[in-house]
Amino acid sequence: MKLATFESGGRESIGIVIGDALIDFARAAPDLPSDMRDLIRMWPQVEQTVRALPSQAQADVPLADVHLLAPVPRPQKIMAIGLNYADHIAESGREKPTVQTWFSKMPSAVNGPYDQVLIPKVSSQVDYEAELVFIVGKRCRHVRKEEAASVVFGYCAGNDVSVRDWQFASGQFVLGKSFDTHAPFGPWIVTPDGLGDPHALGVRCFVNGEKRQESNTRHLVFDVFAQIAWISQAMTLEPGDVIYTGTPAGVGFAMKPPKFLKAGEVVRVEIDHIGAIENRVTLEL
Ligand code: MG
């Protein structure tokens, strides 16, 4: 099942995506939450109702008529793992880590799947990172790896947009990873039953149609479940938390010479069985 957050006529709503149209909860089931975090939090109570909707209501809202937002527009937190594909570790000139490398992206960086990514006034070193993103489904702490699948609500395609000079200016990545608009993900959440094995998904990134990254989540150094087991030792994960799972080789800064994003370029991140996000790069005014 694909669940999207969208805006139409100034109103934000959630819907189930079927083909190129939506079932709008606000019309088909107005008692359901209108906010994705609330929906995820209440999932044990509402799942049956949601799953019954496609047999009861028409997908009568064309995707072309709505503005898709980030599926979780206001997450409590966004965590991201670095150095998590062997080929990207090699191109970064680093050793394969024995400990997971985590940083955060601030929730204020959230961006929609087809919205503009800004080149900020203070840098010209904006770069892409195509990543599988997952959404936490339950409040949890100290999750064992063998149980971690049960706390995943679903999966998205994401771009861990990075401002390289700010990222490497100090020992802390957070500012370089948290510029406004630099956490696009979506275009919807695919629940695990609609995806198959999350560790067998092709991941690709294109800049203006030119393929820059191509890999598969089977090459993750630390897989999704190992990630959950690790970070939940430190922090409580909450429904709707957004986790970026790392990027493969092919990022712009590792090219010789480096190729950073330029205004007017379109970055497309696509993942098998999920779909694609596409963001046009624009100068901040
Ligand atoms: Mg990344």
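**View A. Strands β9 and β19 pair in parallel.** Strand β9 (residues 117-119) and strand β19 (residues 275-283) run parallel and are joined by three bridges. Across this pairing, V117 stands opposite V281 in β19. Two strands count as paired if DSSP finds at least two bridges between them. Strands are DSSP runs of E with at least two residues, helices are runs of H or I with at least four, and both are numbered from the N terminus. The model is predicted, with local features needing pLDDT of at least 70 and side-chain atom pairs counting only at pLDDT 80 or more, while totals for chains, interfaces and linings use all residues. Residues are numbered from 1 along each chain as its sequence is written, and side-chain values use heavy atoms, with hydrogens and water left out.

**View B. Strands β18 and β19 form a hairpin.** β18 and β19 run antiparallel, and six bridges join them. V269 stands opposite I277 in β19. Three residues lie between the two strands, and H273 in the turn has a positive phi of about 65°.

**View C. A salt bridge joins D160 and K105.** The closest N and O atoms of the two residues are 2.6 Å apart. A salt bridge is a side-chain nitrogen of Lys or Arg within 4 Å of a carboxyl oxygen of Asp or Glu; by this rule the model has 25 salt bridges. D160 and K105 form a salt bridge that links distant parts of the chain: D160 is in the loop between β12 (152-159) and β13 (162-163), and K105 is in strand β7 (residues 101-105), 55 residues apart. D160 counts as buried at 0% relative accessibility, and K105 is buried with a relative accessible area of 1%. Buried means under 20% relative accessible area, exposed over 50%, and partly exposed in between, with a 1.4 Å probe and protein chains only.

**View D. K105 takes part in a network and sits over a ring.** Salt bridges link K105, D127, E129, D160, R164 and K177 in a network. The charged end of K105 also sits over the ring of Y244, 5.7 Å from its centre. This description applies if NZ of Lys or CZ of Arg is within 6 Å of the ring centre and within 35 degrees of the ring normal.

**View E. D60 and R27 meet in a salt bridge.** Their N to O distance is 3.7 Å. D60 lies in the loop between α3 (43-56) and β4 (61-62), and R27 in helix α1 (residues 25-28), 33 residues apart. D60 is partly exposed, with a relative accessible area of 46%, whereas R27 counts as exposed at 57%.

**View F. K259 and E210 meet in a salt bridge.** The N to O distance between their side chains is 3.8 Å. K259 lies in the loop between β17 (242-244) and β18 (266-271), while E210 is in strand β16 (residues 210-216), 49 residues apart. K259 is partly exposed at 36% relative accessibility, and E210 is partly exposed at 37%.

**View G. F168 and F173 belong to an aromatic cluster.** The structure holds five aromatic pairs. F168 and F173 form one that is edge-to-face, with 5.9 Å centre to centre and 90° between the planes. Rings of Phe, Tyr and Trp (its six-membered ring) pair if their centres lie within 6.5 Å; planes under 30 degrees apart count as stacked, over 60 as edge-to-face and the rest as tilted. F168 is partly exposed at 42% relative accessibility, and F173 is partly exposed at 21%. Ring pairs link F103, F168, F173 and F253 into the cluster.
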